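Trainee: I have a structure open and would like to learn how to read it feature by feature. Could you walk me through it?

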Amino acid sequence: MGGGTRTQDGGSAAVSGDELPPRAARLLWYASAGLVLGVLGTAVLVAGAGQGRPLPVAVALVLVQVCALRWQARAPLPVLTVGAVTGVGVWALLPEVSLTGALLAAQITLCVLSASRPRRVSVPALAVLCLSSTAAFANGGPADLAVCVPAMILAWTAGQWRRARQERLRAETRRAVVEERARIAREVHDVVAHTLSVMVVQAGAADDVFTDRPEQARKALRAMESAGRSALGELRMLLRAFGPEADEGAVAGQRAPVPSLARLDDLADAVRASGMRVRMLTEGVTDDLPASVRLAAYRIVQEALTNTLRHSVGADEVSVRVTTGRDCVTIDVTDNGRTAKGSAPAARGGRGLLGMRERAQLVGGSVHAGPLPGGGFQVRARLPVEVVS
């Protein structure tokens with residue numbers, strides 16, 4: 001049992017993925033030993049009173065069962081074998097003790113085996129115990145057999161229930177990890193895509209005026225530097241949120257501000273530095289909004305501005321309107337550009353539009369985007385507050 005071989009369940013024959021930690025294994029032993037001593041031990045003392053020699057041997061077999069239970073979490077199959085052999089021995093010495101009671105330790109270990117090992121191991125063990133239980137028919141008739149076999153099946157079923165519950169918990173944990181990774185990917189996409197789009201536009205503007213208007217070129221370069229520093233700050237904050245707590249506490253004072261509606265002016269300034277006019281209007285109180293809604297609203301505005309810079313042909317003006325009502329936050333981002341010729345208007349935002357819709361759906365909201373009849377492109381989002389509050 002030392003090295004262990006891989007099983008189809010992803011664990012090993014020696015050390016299963018369901019193996020209990022040391023403290024839990026000790027508690028299991030204490031509880032199992034107490035149950036065996038209290039039930040089987042008492043039955044042996046009562047049944048063996050006045051029978052002389054069989055009593056000490058039966059007591060010794062019970063103590064062997066109790067000691068073997070110490071390793072039931074680590075090696076349930078050998079412990080099950082010991083419990084079955086000694087249980088049959090106790091029953092042979094003292095027939096007054098039912099076979100079901102004599103195999104109590106085996107039933108407990110069968111439950112542990114069923115919970116911690118694959119079925120190809122636990123089912124044969126159950127079959128062997130059920131076959132051995134037929135010996136009860138010779139002593140007590142059908143009544144004893146009708147009790148012993150269902151008791152074994154019940155112990156195995158209890159272990160299967162425990163195993164299914166653990167597998168469900170692992171599946172939920174894996175799903176939570178996948179969702180968290182997707183959330184991190186969205187955050188990184190939003191930060192990098194927006195910043196790079198702004199920097200590309202600013203670099204082009206600086207190149208156009210570098211000779212004739214060097215001061216304006218310097219202004220664009222400074223805006224690029226500021227945008228890059230801001231993006232690095234957000235990425236550090238994002239990565240630090242998943243780092244060790246010690247590192248988190250050591251640099252708590254150096255964190256970048258958390259993205260929220262209060263920082264929309266920073267987004268507007270970065271876009272203005274690229275030469276585009278930005279009109280920003282915020283109505284209502286945003287301080288009392290849930291953090292998830294504030295973050296979703298900020299990222300939707302950020303992505304909409306990024307799409308304007310990357311995909312809007314001829315746009316030189318964009319307006320952002322954020323209205324906070326009693327039950328929802330409404331976001332309107334409208335530009336005066338047009339969709340590139342040959343592309344589908346609804347797909348103008350590309351992956352960014354999908355990201356905006358995903359963010360809105362996370363808080364129970366929705367996003368609609370498309371060209372306007374008189375020209376331009378609009379992104380409208382509605383984020384309900386009551387759903388997440």
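**Reading the model together**

Mentor: Happy to. Keep in mind that this is a predicted model.

Trainee: Which residues touch the most other members of the largest nonpolar core?

Mentor: The general idea is that nonpolar side chains in soluble globular proteins tend to be buried together. Here the largest nonpolar core has 36 residues, and I331 and L383 touch the most other members. The elements giving two or more residues to this core are helix 11 (264–272), helix 12 (291–311), strand 3 (317–324), strand 4 (328–335), helix 13 (351–362) and strand 7 (377–384). Helix 12 gives the most, with 9 residues. Apart from this core lies another, of 34 residues, and V44, V66, L80 and V97 are among them.

Trainee: Now the strands. Do strand 1 and strand 3 run parallel or antiparallel, and how many bridges join them?

Mentor: For each pair, look at the direction and then at who stands opposite whom. Strand 1 (residues 277–283) and strand 3 run parallel, joined by 7 bridges. In this pair, R279 stands opposite S319 of strand 3. Strand 3 also pairs with strand 4, and these two run antiparallel with 7 bridges. There V322 stands opposite I331 of strand 4, and I331 is one of the two residues that touch the most other members of the largest core. Strand 3 and strand 4 form a hairpin with 3 residues between them.

Trainee: How many bridges join strand 6 to strand 7?

Mentor: Strand 6 (residues 366–371) and strand 7 are antiparallel and joined by 6 bridges. A369 stands opposite V379 in strand 7. The hairpin of these strands has 5 residues between them, and in this hairpin G375 takes a positive phi near 105°.

Trainee: How many aromatic pairs does the structure hold?

Mentor: In general, a pair of aromatic rings is described by the distance of the centres and the angle of the planes. This structure holds 1 aromatic pair. The ring centres of W29 and Y30 are 5.6 Å apart and the planes are at 35°, so the pair is tilted. As for accessibility, W29 counts as partly exposed because its relative value is 23%.

Trainee: And the cysteines: how many disulfides does a search of the whole structure find?

Mentor: The search finds 0 disulfides. C130 is in none, and the nearest cysteine sulfur, that of C148, is 8.0 Å away. With a relative accessibility of 16%, C130 counts as buried.

Trainee: To finish, what share of the chain do buried residues make up?

Mentor: Buried residues make up 41% of the 389 residues. The chain has 13 helices and 7 strands. Among contacts with a separation of 6 or more, 66% are between residues 24 or more positions apart.

Definitions and conventions. Residues are numbered from 1 along each chain as its sequence is written. This is a predicted model: local features need pLDDT of at least 70, side-chain atom pairs count only at pLDDT 80 or more; totals for chains, interfaces and linings use all residues. Side-chain values use heavy atoms; hydrogens and water are left out. A nonpolar core is a set of buried Ala, Val, Leu, Ile, Met, Phe, Trp, Tyr and Cys residues joined through side-chain atoms within 4.5 Å. Buried means under 20% relative accessible area, exposed over 50%, partly exposed in between (1.4 Å probe, protein chains only). Helices (H or I, at least four residues) and strands (E, at least two) are DSSP runs, numbered from the N terminus. Two strands pair if DSSP finds at least two bridges between them. Rings of Phe, Tyr and Trp (its six-membered ring) pair if their centres lie within 6.5 Å; planes under 30 degrees apart count as stacked, over 60 as edge-to-face and the rest as tilted. A disulfide is a pair of cysteine sulfur atoms within 2.5 Å. Contact means heavy atoms within 4.5 Å.
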